[in-house]
Each structure stands twice: as structure tokens, then as C-alpha cells.
Amino acid sequence: METEPGAFLTALRLGDSFLPVGGYTASYGLEQYINEDRIEDGDDLRALLAAYLRRVVGPCETVALANAHAAARAGDLDRLLAVDERLHAVTMPREFRESSTKAGAKLCEVLLAGELEGGEPDDEADADREGFATAVADAVDRDETPGHYPVVFGVVAADRGLPRLEACLTHAYSFVTGLLGAAQRLGRFGHTEIQTVLADLEPVIEAVCERHVDDDVAAMTSFAPLAEIMGMRHERAGRRLFMS
Amino acid sequence: MGYRDVAKVGIGGPVGSGKTALVRRLVPALVEDGNEVGVIANDIMTQEDADVFRESFADLVPADLVEGVETGACPHTGIREDPSMNLAAIDEFTERHPDLDVVIVESGGDNLAATFNPELADYFLFVISVAEGEDIPRKRGPGVTQADLLVINKTDLAPHVDADLDVIERDTTEVRGDDPFVFTNCKDGSGVGEVISHVDREVLFA
């Protein structure tokens, strides 16, 4: 099945560093790996990001995104809030939670609440869709739910007709490019080397998204103890250019 | 209450031009005038820096109205293309202090092209130092030409770095037209009163 043009453009928009949700301020512990000289070359970076994909992005964030997408399609707000709550519970380092919820709140403002102002719904289905998006944006705005980035991402994708797997692939891809950009700003990596690492990680992105896109919300988990320790040490790091 | 409900003053400029020194002069004056003030510093490098910043305003500004925001080594992005993390910090200020009058947002040190997003700063000061070279104004960087107020700091250093204040004044008038600029020495406070008058008039009583 081909992706609709509007949904395809949504994927580009969500995957673009141009999206103003503060993604460039998050390193999810990468800054601390570099502070401690644990990442020195492209091979180290490739191995670390593959581990993030297999242990965090896939089994945790992709599961959250896919289930948020399904909840949005079903118009089931309680189910969506349960997904958000679970993601909050399994994300251990404080700074990881903060980077994710701050970006989620901004995504809500820019793509859920912001673009709903003005224009009458076309039909009943359109009104239901807008009603759900508004309910999510309101719940996040009133701090009734943490509003994690992958959860809001899933709602936006469902709202714009971007299929679940494509949404998960877009999210995982933008996570990787975000961290590769952070690595370039923190360390010394050439632009062609970074593109080679990205190309090497594409099959990993594909594999983890396909593996976890249909997982039940109860399967959501992350296992990356060293990354979590790096995330926690970063709170009082000797150098902090990133929020996480 | 949110970031749209409070006056926001942006302070940008190159590394070492005196942005922090100006903030240290500006905040006490605004507090003395009866304003509740919040301060955001971008790109402080360590938590220790944040603590020092809080200590310097300890008697003037509540600790929860002083915040450091890291911009991922992209200071210009943080104030221009994507100010979302600064706006999130201002939102937290206004939630805790609904009567907040003004927030000072100090950018990380940047180049002459840095300008503030108008949704982040209602009023934008750009600080340069005479020690960076007397030719800075005539390079016509967007920061120099578009700022609401250009602050030319460290006038005391001019004789030591062969910078001619008359040349700087002439070039600045040429590139800024009728837009205002002020010569300051933030170390001894000269010229700072004039900066405060501009901020008062253009932001707080606008």
C-alpha cells in the first residue's frame, strides 16, 4: 500500500530537525559517554546507537508510539494515557524523562493544538479526530499526563494518516540522526563517516521497528543500564552542553 | 499563564562581549523598580555555573526564577529557529510565579548573525565589545543591525586595543540609522542607566 502524499509529508516534517521541538538539546546520555572518553570513533558510535535501537528505541519507544497510534485510531483516551504512564515509569534517568516530555509538550503545541485552531471539521469522522487530538493536547497542557514525545508523535501520525510502521520508522530514524548530530557537535566525526554510520544503522532501524510495532503495551520495557547510568551522571557532569 | 503573558527581554552577542555583566547590572535595577524578574542563561557549562548564577542574585531573585538552559552547542538555534526549550523554561516560571513581570533571556555567546525569535523576546539587546575590533558595526551582522538596542561595551578598553570610539559611533549610526545604541562600561556601570531607561520605556511601559 502506498503512503498518501499528505501522510508522507507528515513523515518528512516529523523526521526533520527543522521541527521546533528542541530535539537538538537532547543527547540521551551521549554527551556523558563522550565526557568519559567512552566513544572515540565511528565504530564506537555505531555500536552504541545500535544498542540504543535494540534496547531502548525498539522495545520501549517504538512500543509506546505504536500503541499510542492504535489508541488514537480507536479514539481511546484512557488507553493512550496508560501508554504514556507506562513509558514514564520505564524511563529511568530524570533527564531522559524531561527531554522527552518537554519535546512532547512542544510537539503538542505545534502540531496538535496549534493547527486545530480555525476551520470547521469536514464531517463526523473529522470532528472525532479533532476532538481526540484536542483532548490529548489539553491533558498534556493541564499536566494530567506526562506527554512523552513518542506518545504525542503516535497521536500526530495517526491524526495525519501516517501508518503505524512508517511512523515508527520515522521516529527511530530521527532519534538516530538527532544523536549523530549531537555526536558531531561534541566529538570529532567527519560528515562522510557519520553518513556511513547512518547507512549501517538503517537495517537495524528497520529490524527493531518491524519486531516491535505489534507489541502489546505490557511488553514495553528498556534494558540499557550503562546508558541509564550515563544519563544520571550527566546531571552533575563537568561539561553540559545538552539537557540530557 | 504561559510565556505569552510575560514581558521577555533577549540579550545576545559574541562570547566575552559582556552579556552576563549587563545582566548582573540590569536585574538589580529592575528588581529595585518593583519588578518580579526571572533570569534564563543559555549554555552555562556546568551545574556549578548555574549555582554561581543563582548565588549572585540570591537576595534579588528567588532561586526557582533562575534557570540554565543547554542548547546542544547550537546557541543561535536556541534563540532563533527553535526556542522551544527556552519557552518551556519561561512557562515553568509563570506557573510558579503568576505575577512575574519580566524574564531576561541571555543567549550563549554566538556570532554576529544571531538574532532573537520575536516569539521568544519582545525586546532584543545585542552586546558587542570594542575589544573585538572597531570594525564590528560595519560588518552589518544581523545582530548589530536588527537588535532593538545595540550595546557597545568595554569602552574603557578602547585605547588598549587601538579602537577608535568615534569610528565605532560613526559606523554604528550608518548601519543602524535611527535605531538606538548605547556605549557602556558594565564593569563600572557607565552607560548602564541609559540601557535600563530603554528597557523600561520600550518593554515595561510599552
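Chain B holds 7 helices and 7 strands. This is a predicted model. Read from the N terminus, the elements of chain B follow the order β-α-β-α-β-α-α-β-β-α-β-α-β-α. Chain B has a radius of gyration of 16 Å, close to the 17 Å given by the globule rule for 206 residues, so chain B is as compact as a globular protein of that length. Along the principal axes, its C-alpha atoms fill a box of roughly 45 × 35 × 35 Å.

How much of chain B is buried? Buried residues make up 48% of its 206 residues. Now take the contacts in chain B with a separation of 6 or more. Of these, 78% join residues 24 or more positions apart.

Next comes the meeting of the two chains. On chain A, 18 residues are in contact with 15 residues of chain B. Which helices of chain A each supply at least two residues of the side that touches chain B? They are helix 5 (94-113) and helix 8 (164-186). By class, this side of chain A has 9 nonpolar, 6 charged and 3 polar residues.

Turn to the interior. In soluble globular proteins, nonpolar side chains tend to be buried together. Here, the largest nonpolar core has 133 residues. Those with the most contacts inside this core are Val155(A) and Ala172(A) from chain A, with Val39(B) and Ile104(B) from chain B.

Finally, look at helix 1 of chain A, which spans residues 5-15. Its buried residues are Thr10(A), Ala11(A) and Leu14(A). What do the buried residues of helix 1 pack against? Their partners are helix 7 (149-159) and helix 8 of chain A. Helix 8 also supplies at least two residues of the side of chain A that touches chain B. The face of helix 1 turned away from its buried side carries Pro5(A) and Leu12(A), both exposed.

Definitions and conventions:
Residues numbered from 1 in each chain as written. Chains lettered and ligands numbered in written order. Predicted model: local features only at pLDDT ≥ 70, side-chain atom pairs only at ≥ 80, totals over all residues. Contact = placed C-beta atoms within 7 Å. Helix = DSSP H or I, 4+ residues; strand = E, 2+ residues; numbered from the N terminus. Nonpolar A, V, L, I, M, F, W, Y, C, P; charged D, E, K, R; others polar. Core = buried A, V, L, I, M, F, W, Y, C linked by C-beta atoms within 7 Å. Buried ≥ 20, exposed ≤ 12 C-beta atoms within 10 Å, placed from the backbone. Rg over C-alpha atoms; globule rule 2.2 N^0.38 Å.
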